[in-house]
Amino acid sequence: MMKWMISLLLALFFCVPAFVTSEKNVAAEGKSIRQPASVLLRTVTAPVIIDRPVRLTEYRKQLTREYAFQHYGEEFTEIVPRAVVVHWTEMPEADGVYEYFYKEARQDGTLNVCSQFLVDRDGTIFRLTPETMLDRHAIGYNWCAIGIENVGGVDKKEDLTPEQLQANILLIRYLQEKYPTIRYVWGHYQQTVAKKSGLYKEQVQGYFHGKVDPGPKFMKALKKNLKDTGLRFF
């Protein structure tokens with residue numbers, strides 16, 4: 001009996017550090033360790049993300065600062081994410097999209113277009129730039145939005161795959177968990193109605209391009225599968 005009691009006490013003793021470590025990890029992520037246990041159990045596991053960076057040079061940073069100053073009135077390269085904007089590429093293969101985004105500059109010498117993430121047809125997620133880097137993917141919202149590009153939409157056909165839908169769901173859940181400042185998700189084609197968010201900023205008069213990506217079918221499915229997150233859709 002005594003040996004059994006000693007064994008039980010030792011087992012309980014050595015279980016404690018694991019619990020304390022869990023609390024410290026949460027604190028390190030900028031969250032209060034006083035959260036109830038139910039909140040701690042809701043931690044979202046990051047999906048598999050493959051880093052495939054575009055050219056992240058000082059030249060790109062310079063062009064980013066110039067873009068920010070022209071469109072937002074101040075120079076910066078980092079954002080505080082407040083929204084996720086979902087796109088399609090109108091190109092059939094991930095390699096072609098990557099090559100298109102790879103260069104720092106467009107032909108006119110301004111910052112090249114790019115999004116933080118690229119999702120291939122089979123659901124593979126590529127991270128092209130740091131998540132909080134200002135990327136040029138959504139007029140009026142680049143200062144605060146993370147972009148997710150989905151390979152497809154050639155000839156504006158709504159052909160994104162179930163694998164891409166699942167990858168977007170997992171990725172957006174992960175981003176919301178990592179950046180609690182994220183409150184909105186919308187498709188690129190919803191850029192006008194998204195002004196209701198109060199996040200739209202643009203200093204260049206008349207700077208606008210109509211979009212149709214990634215189509216209402218995909219966004220309705222995203223909204224349905226993320227309704228428990230509290231994220232706001234349009």
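1. **What you're looking at.** This is a predicted model, where local features need pLDDT of at least 70, side-chain atom pairs count only at pLDDT 80 or more, and totals for chains, interfaces and linings use all residues. Residues are numbered from 1 along each chain as its sequence is written, and side-chain values use heavy atoms, with hydrogens and water left out.

2. **How confident is the predictor?** pLDDT is the predictor's confidence in each residue, on a scale from 0 to 100. The protein has a mean pLDDT of 86, and 82% of its residues reach 70 or more. Go carefully with residues 1-42, though: pLDDT stays under 50 there, and the model has nine contacts beyond four places in sequence for this stretch. A contact means heavy atoms within 4.5 Å.

3. Of the 234 residues, 42% count as buried. Buried means under 20% relative accessible area, exposed means over 50%, and partly exposed is in between (1.4 Å probe, protein chains only). As for how the chain meets itself, take the contacts with a separation of 6 or more: residues 24 or more positions apart account for 76% of them.

4. **Helix α4, one side in.** Look at α4, residues 94-102, where the buried residues are A94, V97, Y98 and F101. They cover an arc of only 100° around the axis, so they sit on the same side of α4. (The arc is that of the directions from the helix axis to the C-beta atoms.) These buried residues pack against α3 (58-72), β3 (117-119) and β5 (145-150).

5. **Aromatic pairs.** The structure holds nine aromatic pairs. One of them is Y67 with Y72, an edge-to-face pair with 6.2 Å centre to centre and 75° between the planes. Both Y67 and Y72 are buried. For the terms: rings of Phe, Tyr and Trp (its six-membered ring) pair if their centres lie within 6.5 Å, and planes under 30 degrees apart count as stacked, over 60 as edge-to-face and the rest as tilted.

6. **A pair that spans the chain.** Why is the pair of W186 and F234 edge-to-face? The ring centres of W186 and F234 are 5.8 Å apart and the planes are at 65°, so the pair gets that label. This pair links distant parts of the chain: W186 is in strand β6 (residues 184-187), F234 is in the segment after α6 (216-225), and the two are 48 residues apart. W186 is buried, at 1% relative accessibility, whereas F234 is partly exposed, at 30%. Ring pairs also link Y141, Y184, W186, Y200 and F234 into a cluster.

7. **Charges over rings.** R52 lies over the face of Y98, at 4.2 Å from the ring centre. Likewise, the charged end of K201 sits over the ring of W143, 3.9 Å from its centre. The rule here is that NZ of Lys or CZ of Arg is within 6 Å of the ring centre and within 35 degrees of the ring normal.

8. A cis peptide bond joins D213 and P214, with omega about -5°. P214 is in the loop between β6 and α6. E90 isn't a glycine, yet has a positive phi of about 60°; E90 is in the loop between β2 (83-88) and α4 and is partly exposed, at 39% relative accessibility. D155 is not a glycine either, and has a positive phi of about 60°. D155 lies in the loop between β5 and α5 (162-178) and counts as exposed, at 73%.

Definitions and conventions:
Helices (H or I, at least four residues) and strands (E, at least two) are DSSP runs, numbered from the N terminus.
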